[in-house]
Amino acid sequence: MKHVVYTEDVHIQSYANLILLQRLYTQIESNRWSKVRKQFLEKELDKHKKLTCYYCNNSNLKLKSNKRHEQATVDHIIPKSEGGEEFNSSNFVVCCSNCNKKKSSKTFDEFINSKYIQKKRIDT
């Protein structure tokens, strides 16, 4: 029995091909995000001469580091899960890897007012 799947532009005749197509789209989006993230961080580094976490004010961030607390990442101010624009730099802030992981899909206000951030700002 053949499975036929129609998408907007693609006619897929098997489930295996659908899975392969989904993997391809995922890889394309991942590559796009890597490029956008790198461009944003490089632009911020050029503009401010350093990378500082928007949330905890850690100013020792690097583009590449094996230490999580030194790794600069990009956070979406409005989470993608809440309708935030994924590739729009006006929805980005520089963020340390620790804060990015802790924020997860919390809204900006939830995270900025969280005990985690309050404690980190007191400690720095």
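I looked up the aromatic rings and found Tyr54, Tyr55, Phe108, Phe111 and Tyr116 linked by ring pairs into a cluster. I paired rings of Phe, Tyr and Trp (its six-membered ring) with centres within 6.5 Å, calling planes under 30 degrees apart stacked, over 60 edge-to-face and the rest tilted. The model is predicted: local features need pLDDT of at least 70, side-chain atom pairs pLDDT 80 or more, while totals for chains, interfaces and linings use all residues. Numbering runs from 1 along each chain as its sequence is written, and side-chain values use heavy atoms, without hydrogens or water.

I counted eight aromatic pairs by this rule. In one of them, tryptophan 33 and phenylalanine 92 have ring centres 5.5 Å apart and planes at 80°, so I noted the pair as edge-to-face. This pair links distant parts of the chain, 59 residues apart: tryptophan 33 lies in helix H1 (residues 15-48) and phenylalanine 92 in strand E4 (residues 92-96). Helices (H or I, at least four residues) and strands (E, at least two) are DSSP runs, numbered from the N terminus. I found both tryptophan 33 and phenylalanine 92 buried. Buried is under 20% relative accessible area, exposed over 50%, partly exposed in between (1.4 Å probe, protein chains only).

Next I checked lysine 106, which sits in the loop between helix H2 (97-103) and helix H3 (108-112).

Last, I looked at arginine 121 in helix H4 (residues 115-123). Arginine 121 is partly exposed because its relative accessibility is 36%. I read 9.1 Å between the C-alpha atoms of arginine 121 and asparagine 58, which are 63 residues apart along the chain.
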